[in-house]
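Let's take a friendly walk through this fold, strand by strand. The sequence and structure come up next.

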Amino acid sequence: MKRLLAVLVLATGLSLAQGVVLRALMEDVPETRIIEELLPRFERETGIRVEFEKVQYAAMHDKLVAQLLAPQSAYDFLQVDFLWAGEFPAAGWLEPLEPYVKRSGFDLSPYYPSMLDLVGYYRGTLYMIPMYNYAMGLIYRKDLLSRKDLAEKYRARFKRPLALPKTLEEYVDLSLFMAKNAEVAGAAMQGQRGDPNFMEFSNYLFAAGGDYVDRNWRVTLASPQGEKALALYVRNIQQGAQKGALNANLDDTFRVMCQGRAFSMITYWWMLPQLDDPKQCPKVAGKVALSPVPGGAGVNGGWGWAIPKNSAQKEAAWRFISWVESKPIVRERALRGHAPTRKDAFQDPEVLKKYPYYKEAERIIAGAKKVPIFAYTAEMEDVVGREISLAAAGQKPVKQALQDAARGLEGLLKKAGLLR
């Protein structure tokens with residue numbers, strides 16, 4: 001009788017779900033296509049069909065905001081970048097997810113706290129479920145570190161062995177040494193104003209022991225640690241980086257590294273398998289490795305799933321989110337090349353066998369730090385990025401650039417109501 005009742009309940013649930021179609025706006029990247037390949041399985045299990053509208057990242061924010069402001073959203077669930085993880089809940093556009101988590105028994109414990117802090121909770125309320133990680137680490141050339149001629153010159157110059165640097169200062173020293181002695185740029189750097197240089201510099205800031213704000217949202221950027229970080233960043237981009245680094249973005253740095261023209265790059269950890277691909281990057285494949293940013297934490301980045309407050313199909317949307325973030329589906333996504341946010345995916349024996357570098361990636365994610373998440377995080381990138389660019393170009397002293405960046409950040413925090 002119990003078995004019969006269970007079958008009837010399942011059949012009733014599938015019957016009620018028949019005809020339900022969920023729609024979402026997704027970035028047109030490999031991760032989306034990985035999930036898309038699994039959608040027929042979800043439909044078979046639930047009767048719910050899911051359709052993705054795929055667009056380039058630059059078009060996503062405006063399209064999402066237009067729907068979030070409408071009486072009813074055309075999108076039943078959302079993919080939220082960390083840059084919007086303060087803006088969207090602050091505006092009241094997202095559905096709190098704790099009630100759904102409790103009713104369904106969804107387990108949050110496998111997620112890295114750093115990810116739940118980034119694209120999970122906003123001011124104590126759960127609005128998102130982490131779905132994708134892009135924390136930053138150091139990718140470097142193993143072959144150059146093992147060259148005897150370079151090791152001898154390095155020891156003569158610095159009185160220490162040529163090895164992976166332990167501090168930010170050592171990293172910049174090594175970058176400049178490679179630029180002078182190894183016939184490559186010491187670092188492939190993304191100095192383009194805005195998101196590229198803001199994200200890159202933030203690694204230097206955190207590695208130097210600095211931060212943008214304290215726990216009370218008081219701006220701490222123009223600190224001795226901040227000055228040290230920016231001075232080292234400027235030194236590296238002026239003396240250690242590739243030509244044109246001041247205007248370079250992520251794609252530019254990848255090309256430089258892929259072509260064997262740089263010793264290192266501070267970048268997203270999942271760039272390693274692309275550089276290690278002999279078909280895509282034959283000059284460096286087998287010669288690259290991954291580690292945390294020297295000296296401390298790198299920048300955390302990622303995406304989260306959310307449900308719009310004005311969605312007409314919230315229960316069905318949650319059913320999809322809890323399914324796509326379940327342990328077996330996350331594991332399947334990881335085996336296909338996904339960048340997970342759950343510990344169990346990084347520790348799965350089959351996943352580790354296929355992607356041994358996940359051990360280092362886990363260290364990077366576990367220790368990653370977030371930039372301030374508030375209503376104007378995206379604008380903060382432009383405000384701070386402008387001053388980094390001026391300092392890197394030699395158009396403004398480091399101390400002045402930091403002070404101006406701090407004032408700009410304070411203005412945004414006041415606008416958001418976080419400072420008086």
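## Strand pairing

Two strands are taken to pair if DSSP finds at least two bridges between them. With that in hand, look at β6 and strand β10 (residues 302–306) in this predicted model: four bridges link β6 with β10 in the antiparallel sense. Within that pairing, Y132 has W303 of β10 as its bridge partner.

## The three-stranded sheet

Step back and the pair turns out to belong to an open sheet of three strands, ordered β3-β10-β6 with antiparallel pairing. Its edge strands are β3 (78–81) and β6 (129–133), each of which pairs on one side only. On average, neighbouring strands here are turned by 30° against each other, direction ignored.

What packs on the sheet? Helix α14 (residues 314–324) does, touching both β6 and β10, and its direction makes about 140° with that of β10.

## A covered strand

Now turn to strand β7 (residues 136–141), which runs antiparallel to β9 and is joined to β9 by four bridges. Y140 stands opposite A289 of β9.

Strand β9 (residues 288–291) is covered on both faces. V288 and L290 are buried on one side, while A289 and S291 are buried on the other.

## The nonpolar core

In soluble globular proteins, nonpolar side chains tend to be buried together. Here the largest nonpolar core has 157 residues, and Y204, Y212, W269 and F320 are those with the most contacts inside it.

Which residues does Y204 touch, leaving aside its neighbours within four places in sequence? Y204 is in contact with L168, Y171, V172, M189, A229, L232, Y233, N236 and I266.

Notes:
Residues are numbered from 1 along each chain as its sequence is written. This is a predicted model: local features need pLDDT of at least 70, side-chain atom pairs count only at pLDDT 80 or more; totals for chains, interfaces and linings use all residues. Side-chain values use heavy atoms; hydrogens and water are left out. A nonpolar core is a set of buried Ala, Val, Leu, Ile, Met, Phe, Trp, Tyr and Cys residues joined through side-chain atoms within 4.5 Å. Buried means under 20% relative accessible area, exposed over 50%, partly exposed in between (1.4 Å probe, protein chains only). Contact means heavy atoms within 4.5 Å. Helices (H or I, at least four residues) and strands (E, at least two) are DSSP runs, numbered from the N terminus. Axes are lines fitted to C-alpha atoms, for helices over the stretch in contact, and angles run from 0 to 180 degrees between N-to-C directions.
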